[in-house]
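Keep the structure open as you read.

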Amino acid sequence: MEKSTVSMRGKHILGLENFSPAEIKLVLATAKEMKTIIHRDIKKVPALRGKSVVTLFYEPSTRTRTSFETAGKYLGADVVNITSGTSSIVKGESLRDTLLTVEAMGFDAIVMRHKEEGAAEFATKVVKHPVIINAGDGAHAHPSQGLLNLFTLLEHKGHLKGLKVAIIGDILHSRVARSDIWGMRKMGIEVHLAGPKTMLPRFLYQEPNIFVHDRIEDAIKDADAINVLRIQLERQKAGLFPSKREYARIFGLNDERLALAKKDVLVLHPGPMNKGLEISPYIAYGDNSAIQEQVQNGVAVRMALLTLTLTGGKESEANH
Ligand code: CP
């Protein structure tokens with residue numbers, strides 16, 4: 001097997017479309033090492049001592065913002081948080097000026113979430129020194145979520161190539177789905193999508209290794225994992241589905257539907273969940289659920305991303 005040395009030092013993390021399979025493998029291997037730090041009594045290593053990270057969030061977040069902050073702190077970096085509601089953004093300061101302001105303070109990485117697609121890429125054109133890490137830009141991409149989903153799958157299944165993964169729900173508004181699709185296809189995973197036709201982008205019907213189904217049952221049949229998406233009520237236009245009750249009846253993940261998948265099927269959800277809408281509470285907290293593990297794996301993956309982009313980590317050999 002061909003081997004190559006991969007370094008991600010200085011790489012902006014914008015979307016998994018910009019990752020090679022070798023880079024994805026490097027992140028997953030590094031996250032595995034990082035996860036051991038989370039389980040120590042003293043969760044602190046000096047890998048990023050002297051580095052500074054700012055999280056710049058224009059949209060609400062619990063998991064992503066907190067896990068990037070935690071990841072930086074476990075690695076010894078200084079981490080500062082800016083949220084739109086408590087900064088000069090409320091006085092009308094532009095994104096460009098906010099980025100230039102934090103760059104002037106000397107930050108090495110800017111982790112940003114924004115409602116506009118392409119906001120993270122825009123940031124790479126504004127600042128010169130800091131690495132930009134996209135923590136979600138509109139419906140475009142959420143690369144660290146895509147990577148933590150792959151990491152969780154790999155931990156449970158031992159491999160990625162050849163897995164069958166169903167992604168269910170609001171594909172149209174989901175940056176998680178887009179990052180999943182890019183990452184999973186690059187790692188040889190077969191992706192099966194199902195959701196209301198109004199929430200399935202038409203271009204996906206022509207994509208290789210993607211199978212689009214009208215019925216959730218057909219997507220779930222014999223699946224190794226089911227990734228249930230949150231119905232993004234805040235991004236919805238009216239009329240995409242008749243009612244919440246109808247959605248739960250036709251597309252919600254319930255016990256009957258779960259039984260169609262493989263016995264050891266892994267249930268994923270990026271959170272926050274609308275329990276009783278896209279997923280039954282019994283499944284969300286049940287034996288097949290890896291939803292809480294995803295949260296912990298999010299810290300490990302974000303530790304890996306910060307280390308690899310800010311220091312290069314240990315230059316690793318990853319198989320193509
Ligand atoms: N999965 C995810 O992005 O969750 P938060 O919105 O809480 O960060």
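Which residues does Glu-23 touch, not counting residues up to four places away in sequence? Val-6, Met-8, Lys-11 and Asn-18. Bear in mind that this is a predicted model.

- Glu-23 sits in helix H1.

**H1 against H5**
- Helix H1 (residues 21–38) packs on helix H5 (residues 143–157) at about 70 degrees, and their axes are 10 Å apart.
- An angle from 65 to 115 degrees counts as roughly perpendicular, so that is the label for H1 and H5.
- Handedness here: H1 and H5 make a right-handed crossing.
- From H1, the contact uses Ile-24, Val-27, Leu-28, Ala-31, Lys-32 and Lys-35.
- H5 answers with Leu-147, Leu-150, Phe-151, Leu-154 and Glu-155.
- Sorted by class, the H1 and H5 contact has eight nonpolar residues and three charged ones, with no polar residues.

**Thr-152, also on H5**
- Thr-152 belongs to helix H5.
- Its relative accessibility is 0%, so Thr-152 counts as buried.
- Where does the Thr-152 side chain reach a backbone oxygen? At Leu-148, with a distance of 2.7 Å.
- Leaving out residues up to four places away in sequence, Thr-152 touches Leu-266, Leu-268, Ala-290, Gln-294 and Asn-297.

**H3 against H4**
- Helix H3 (residues 95–104) and helix H4 (residues 119–126) pack with their axes 10 Å apart, at an angle of about 55 degrees.
- H3 is therefore oblique to H4.
- The H3 and H4 crossing is right-handed.
- On the H3 side you'll find Leu-95, Arg-96, Leu-99, Leu-100 and Glu-103, which meet Ala-119, Phe-122, Ala-123 and Val-126 of H4.
- The class count for the H3 and H4 contact is seven nonpolar, no polar and two charged residues.

- Most residues other than glycine have a negative phi, and most peptide bonds are trans, which is why the following spots are worth a look.
- Gly-271 and Pro-272 are joined by a cis peptide bond, with omega at about -10 degrees.
- Pro-272 is in the loop between strand E10 (266–268) and helix H10 (281–284).
- Asn-209 has a positive phi, near 65 degrees, without being a glycine.
- You'll find Asn-209 in the loop between strand E7 (190–194) and strand E8 (210–213), and its relative accessible area of 34% makes Asn-209 partly exposed.
- Asp-222 also has a positive phi, near 60 degrees, in a residue other than glycine.
- Asp-222 lies in the loop between helix H7 (216–220) and strand E9 (225–228).
- Is Asp-222 buried or partly exposed? With a relative accessibility of 41%, Asp-222 counts as partly exposed.

Note on methods:
Residues are numbered from 1 along each chain as its sequence is written. This is a predicted model: local features need pLDDT of at least 70, side-chain atom pairs count only at pLDDT 80 or more; totals for chains, interfaces and linings use all residues. Side-chain values use heavy atoms; hydrogens and water are left out. Axes are lines fitted to C-alpha atoms, for helices over the stretch in contact, and angles run from 0 to 180 degrees between N-to-C directions. Helices (H or I, at least four residues) and strands (E, at least two) are DSSP runs, numbered from the N terminus. Angles under 35 degrees count as roughly parallel, over 145 as roughly antiparallel, 65 to 115 as roughly perpendicular and the rest as oblique. A crossing is left-handed if the near helix is turned anticlockwise from the far one by less than a right angle, and right-handed if clockwise. Contact means heavy atoms within 4.5 Å. Ala, Val, Leu, Ile, Met, Phe, Trp, Tyr, Cys and Pro count as nonpolar, Asp, Glu, Lys and Arg as charged, and the others, Gly among them, as polar. Buried means under 20% relative accessible area, exposed over 50%, partly exposed in between (1.4 Å probe, protein chains only). A polar contact is a pair of N or O atoms within 3.5 Å; within protein, one must be able to donate a hydrogen and the other to accept it, and residues adjacent in sequence count only if both atoms are side-chain atoms.
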